[in-house]
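Visitor: I would like to be guided through this model by way of questions, going from strand pairing to helix packing and then to the contacts between domains and chains. Shall we begin?

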Amino acid sequence: MKFPLAGALLALAIAALPADADDARPWQEQVLDGYHAFDPTAADTPKALATLIERGERLFKGKFVIEEGAGRPEATQAIIPTKRRRPAAESHQRLSGPDANSCQGCHFDPVLGAGAPFSSNAFVSEGFDAADFDTTDPQFSNERNSIALQGAGLVELLAREMTADLHRQRREALRTARRTRDPFRQALSSKGVSFGEITASPDGRIDLTKIEGIDSDLVIRPFSHKGVIVSLRQFAVNALNSHVGIEADERFGARWTGTADFDGDGREDEIGPGDISALVAFKATRPAPTRKTDLPEDWQQAAASGEALFSQIGCASCHIPALPLDSAVFEDPGPLDTAGTLRRAEVERPIRFDLAEFPWAKGLERDDRGRLLVPLFGDLKRHQISDTRNERLGNELIAQRFVDRDVFMTAELWGVGSTAPYGHRGDLTTLDEVILAHAGEATDARKAYTALQDADRQTIIAFLRSLEIAE
Amino acid sequence: MTRAVILSGVFLAALSLGSPAFAQESSIAPVPHFHEEALSAGISHQYAGPWEYFVGGGVAIFDCDGDRRPDLFLAGGIEKATLYRNRSAAGGALRFEETDTGIEQDRLLKITGAYPLDIDNDGIKDLAVLRVGENLLLKGKGDCRFEEANRAFAFNGGSAWSTAFAATFEKDAPYPTLAFGNYVDRSAPGAPWGTCHDNVLLRPKKAEAPDYSEPQLLNPGYCSLSMLFTDWNRSGEPALRISNDRQYYRGGEEQLWAVNPGRPARPYRRGDGWRHVKIFGMGIASADLNGDGFPEYALTSMGDTKLQTLDQESEEQFPIYRDIAYDLGATAHRPYTGDDTRPSTGWHAEFKDVNNDTLLDLFIAKGNVEAMPDFAGFDPDNLLIQQWNGKFVEEGMEAGLALDRKGRGGGIADLNMDGLPDIVVNNRGGPASLFRNLGAGTAERPVPLGNWLAVELFQKGANRDAIGAQINVKLGNQTLTRDVMIGGGHASGQIGFIPFGTGVAERAQIRVRWPDGDWSHPYRVFTNNFVRIERGAPDAEYWYPPEEE
């Protein structure tokens, strides 16, 4: 987005550009083909949507080069545009980044868009005070294994609907408190997941001391191990800057920084909102993980037993097998993004496509109300997963974006059979290891798992290994 | 053709649409659009009267009924001052309803301005009312009702022509220290030339109730039109800065008074480092623009606006200022549109981040005194948008503020609680202006700009609203600072949520330096929220505005 003063004119002018097509060579190394403004019609027809996704895939796979802005010599990896104290010595650096050439570099195993093994881990840090860290010392950053994006569109839609439920409950509590002039206590829950409770005061204040597993603004941020990213769009803008040094105009452009070249690499307006939308469309439409269908009979039987045990011993209380989704229509931009990521209010209408229309979604079950059942094995809620007796999953020193070091978003287990290694660092090599690492709020479930006979534990592994990302 | 060439063409087209009277740079920072909607909002008011009301015309912005929505008290001069209760729904069009104050009608006449504050620490905002004649302290009783409290507070309202006010809580004082600024002493021989009234400092006695029975005259007075208690050197003891009108004083200047607890106030003199500055001082705005910890001051005048910064070479105890208005493009010395090239006349000034990009902008209410022939007749209000290089760019025209009205007092506050600061201006001899901030959108479809926070402080006992506190909001490596003050502007003050534009930050950490100097721990908050911080509380609270009118 450019200057609102001449926003409309500007958008038209930019959209009309040939996107440097005349300069294109068949052998060119650049990924980007010019600046693409936001186009609300980009998915209006099946053909247009296919083109948008195809472009997103090309951007996702493309290895960005210096001529189009790869690298950020004067900017840090921070989510708020932040200048380095001194220019970077190297264009790429595996610790504070840029630590990748493409999105695919960390999202490829076992298929494009999925996760990656330990070798592709990233180091996350806000990059405000220690932008140039060149050590794996955990006081400077947290190490992260990448997460598969399969089914991410459905996950974002679930989070949007759940956030809307919680905000509606907050609104109703405030109305009641104002009307009755008495404090009003309201349980917070959505899709069967409890997020604690709030108390609304007659004067409009909210007591948040009893909320659970969610940020104080009651927004579910479904992405990242910590649950701190609200949308695929925000994720794209954050990651492009942090990992490849491509700065999105909608956050790093002149509107919010005063310069079109914030990272000082001589390239202005490196990526426009149209290309971010293409990346969003590609990510949002990654097929949801499935279950293996060609299992030998002994595995089938073990998996069935394991699935039942998984629920019996309490795993399913957080790794909820499926959450119902009212509408699978994905809109970009979404309703929850804030300034720095293109917002719904800033466009005439969002790009819109229905995930239920994709062949991979046809096989998903529906409940008796016709709602799509999203088999994510998660609750989109944060939990304390580590304690003093078992710190395996709390083995870092710094909190991340207000989330304590021992608190993480419940990992969605769909596809877990295809996404070894495990844990937020990807340093747990087997499913048994990661289950045994559970502590904190998951202590009882882990103890129940430990108390099982070995054969029963194996059925749970068999079950989890049956949840796959189809290749 | 490259994109850059096309872009520059678009900008040229955009500039020519604005038709400015002289070439000027356009803002790179976003320019909010404002919609003037006083009448449709239910506000029909003007500030009027003869010579005594050429100055004044203030607005008090505060919550008079406990719903936290900012209500408006507008001075009327010879017309009745009016209190408007805010009925705006969150994010909607502005709606106000005239409401009865409970004060006798004749006491609501001859009012030049007003400042809200909680004098008696009962949690209900009171009003210090400036008049041509006896000033008033109005005790808030709740539900927008007031009662005169001059007698109850042992306050002698005098008979001067009052045009300025400021308040502070001195160390360990149970009630606020008040300062009233006075203009011309019309009864003095030779008036109006060289006959400025003394100003008055009122310190509370330690008593069960506010007792202001022992005033100190601040002599000499130089026809003050704005005053502000400001901790200019971060000593923890605010001094009283007074802006004076050279039109009537003889041998006068801008003033700074040391107000050390337990000692009589005394003016800084040349030997203290204070430099002689002589302007038609009309209004003071204060903010730390360069992040050095010390406030800068915008001083409105006829012609150039001054923008003073503490000289880097000066030692801590010396208030030596230099003017950086020209360097930063903030002189606002003549109308930015129209054919009138005569100097303009500035009144109320206020720093607020109107586009929520983290950079403070400067609003100046403008308008000819009455029919001053050497000054611009058409003199629209200014909106100086701060850029990332620290300079200001005038965008009043683009913002929709360029009305042919004679601005006087005013204020910037989020009247419909959508995070976008709105503007109210009390105009002389014309309708009050109420500008709704639409962000990047239209009246039908407002579009937000940057993220934002609004912070309300509370502490128990005296000084519940933490006047004198400093709020720091940390966004990544950037720290935004605001002082909680009562005073300044032109006869206009406000109390309520302190707004911060937070740009693209989704999260922020807030620290408060409470008035006694104690620092709070950091409070972690999400932006785009109204935040209430109670001293000692482990967490900040969020407040949500009513969604219905």
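Visitor: In β25(B), which residue is the bridge partner of B:Gln386?

Guide: This is a predicted model, in which local features need pLDDT of at least 70 and side-chain atom pairs count only at pLDDT 80 or more, while totals for chains, interfaces and linings use all residues. Residues are numbered from 1 along each chain as its sequence is written, and chains are lettered from A and ligands numbered from 1 in the order in which they are written. Strand β24 (residues 382–386) of chain B runs antiparallel to β25(B) and is joined to it by 3 bridges, where strands (E, at least two residues) and helices (H or I, at least four) are DSSP runs numbered from the N terminus, and two strands pair if DSSP finds at least two bridges between them. In β25(B), the bridge partner of B:Gln386 is B:Phe392.

Visitor: How are α4(A) and α7(A) oriented to each other, and why?

Guide: Helix α4 (residues 232–244) and helix α7 (residues 273–284) of chain A pack with their axes 9 Å apart, at an angle of about 120°. Angles under 35 degrees count as roughly parallel, over 145 as roughly antiparallel, 65 to 115 as roughly perpendicular and the rest as oblique. The pair α4(A) and α7(A) is therefore oblique.

Visitor: And how are α2(A) and α7(A) oriented to each other?

Guide: Helix α2 (residues 46–61) of chain A packs on α7(A) at an angle of about 95°, with the axes 7 Å apart. The residues in contact include A:Leu52, A:Gly56 and A:Phe60 of α2(A) and A:Leu279 and A:Phe282 of α7(A), contact meaning that C-beta atoms, placed from the backbone, lie within 7 Å. The two helices are therefore roughly perpendicular.

Visitor: Which element gives the most to the side of domain 1 of chain B that touches domain 2 of chain B?

Guide: Chain B is divided into domain 1 (33–450) and domain 2 (453–543), with bounds from an automatic or database domain assignment, and the centres of these domains, taken over C-alpha atoms, are 21 Å apart. Their contact takes 65 residues from domain 1 and 36 residues from domain 2. Among the elements giving two or more residues to the domain 1 side are β2 (59–62), β10 (162–168) and β26 (407–413); the element that gives the most, with 6 residues, is β14(B).

Visitor: Which element gives the most to the side of chain B that touches chain A?

Guide: Here 47 residues of chain B are in contact with 42 residues of chain A. The elements that give two or more residues to the chain B side are α1 (3–18), β36 (523–526), β37 (529–534) and β38 (541–543). With 7 residues, the element that gives the most is α1(B).

Visitor: Which residue in β38(B) is the bridge partner of A:Arg205?

Guide: Strand β5 (residues 205–207) of chain A pairs with β38(B) in the antiparallel sense, over 2 bridges. In β38(B), the partner of A:Arg205 is B:Trp543.

Methods:
Contact = placed C-beta atoms within 7 Å. Axes fitted to C-alpha atoms, helices over the stretch in contact; angles between N-to-C directions.
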